[in-house]
Amino acid sequence: MSAQTSTSASSHDTKLSVGVPADTKDAVKVLSVTHWNDRLFHFEVERPSSFRFRSGEFVMIGLLNDEGKPLLRAYSIAAPFWSETLAFYSIKVQDGPLTSKLQNIAVGDYIIMKTKPVGTLVLDALIPGKRLYMIATGTGIAPFASLIRDPEVYEQYDEVILTHTCRETDELAYGKWLIEETKKDPLIGELAAAQLRYYPTTTRDESPKMGRITTLIENGTLYEDLNVPPLSAETDRVMICGSMGLNTDVKALLEAAGLEEGANSKPATYVLEKAFVG
Ligand code: A2P
């Protein structure tokens, strides 16, 4: 694996700090930074002691802009609810207002994190079922990094299927690492090893499984590969997190199969959230 992880402040030496002053309102300290490639990174921050969230929720995080005003974006929390630290997974956009700077954060820097978690990609917004699909593209995998480490997921569903589609093979590295970590986790590993199935695909690079997830659902390849029956509103529940196009197209497929969109106030058979990218 070619990911570069820093857990000490030494990487500060060569870079100008982009963090906020430690006494900034809602500042949290960066504990580690992992660069997966020139387009993707993830980082861990300290968890404020009173901070609670439900698996799959997001918060606003960011830095100060040149005028000293908070520049915040919604980021799914990519850590389990029981973790002592929080984590986020992000793209790097070279001219993006936030991620052009955020990608340079280093261990010991502070970022802003608002402590009001929200979101619809939560177990509470789904009615009971047998099989839970989690359909992600790109950084849309982030909320599932939290959900697949929630024991409740495995209590509520017999089978959990995480699909992750990216353009290129190296964009799958974080997901692969996440699955490995989850399956060897002392708390959740055994449940995940027995009930979690991972289905990575690429659309542009050559890889063992190619194609958009929508195509693989429509032509039945997904069901054949996993040896599961076609989507059914009786047994299957779905969470979607990716680009607007993905959300719209998967939504249409699900509704054709009789599934209905759920919300915190009205649980149903599928939920979606757009990918929160800087
Ligand atoms: P594709 O390469 O065919 O566009 P993006 O980086 O544009 O968000 O895309 C991430 C992944 O999601 C890519 O593999 C992309 O496939 C796929 N994708 C984008 N839009 C859709 C869609 N409407 N339905 C299914 N997959 C999509």
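## Strand S9 and its neighbours

In S9, Ile161 is the bridge partner of Tyr133. Strand S8 (residues 131–137) and S9 pair in the parallel sense, over seven bridges; pairing here takes at least two DSSP bridges between two strands. Strands (E, at least two residues) and helices (H or I, at least four) are DSSP runs, numbered from the N terminus. Strand S10 (residues 196–202) also runs parallel to S9, joined by seven bridges, and Leu162 stands opposite Tyr198 in S10.

How much of S9 is buried? Seven of its eight residues are, so S9 is largely enclosed by the rest of the structure. Buried means 20 or more other C-beta atoms within 10 Å of the residue's own, with C-beta atoms placed from the backbone.

## A word on the model

This is a predicted model: local features need pLDDT of at least 70, side-chain atom pairs count only at pLDDT 80 or more, and totals for chains, interfaces and linings use all residues. Residues are numbered from 1 along each chain as its sequence is written.

## Helix H4

In helix H4 (residues 173–183), the buried residues include Tyr174, Gly175, Leu178 and Thr182. They cover an arc of only 95 degrees around the axis, which puts them on the same side of H4; the arc is that of the directions from the helix axis to the C-beta atoms. As a reminder, an α-helix has 3.6 residues a turn, so residues three or four places apart point the same way.

What do the buried residues of H4 pack against? Their partners are strands S3 (40–46), S6 (85–91), S9 and S10, plus helices H2 (142–147) and H5 (189–195). Contact means C-beta atoms, placed from the backbone, within 7 Å.

## Around the ligand

Of the 15 residues around the ligand, Thr137, Thr203, Arg212, Ser243 and Gly245 come nearest. A residue is near if its C-beta atom, placed from the backbone, lies within 6 Å.

S9 (159–166), helix H6 (213–218) and helix H8 (244–256) each supply at least two residues of this shell, and H8 gives the most, with three. By class, the shell has three nonpolar, eight polar and four charged residues. Ala, Val, Leu, Ile, Met, Phe, Trp, Tyr, Cys and Pro count as nonpolar, Asp, Glu, Lys and Arg as charged, and the others, Gly among them, as polar.

## Two domains

The domain assignment, automatic or from a database, gives domain 1 (4–113) and domain 2 (123–274). Their centres, taken over C-alpha atoms, are separated by 26 Å. The contact takes 16 residues from domain 1 and 14 residues from domain 2.

Notes:
A residue is buried if 20 or more other C-beta atoms lie within 10 Å of its own, exposed if 12 or fewer, and partly exposed in between; C-beta atoms are placed from the backbone. Two residues are in contact if their C-beta atoms, placed from the backbone, lie within 7 Å.
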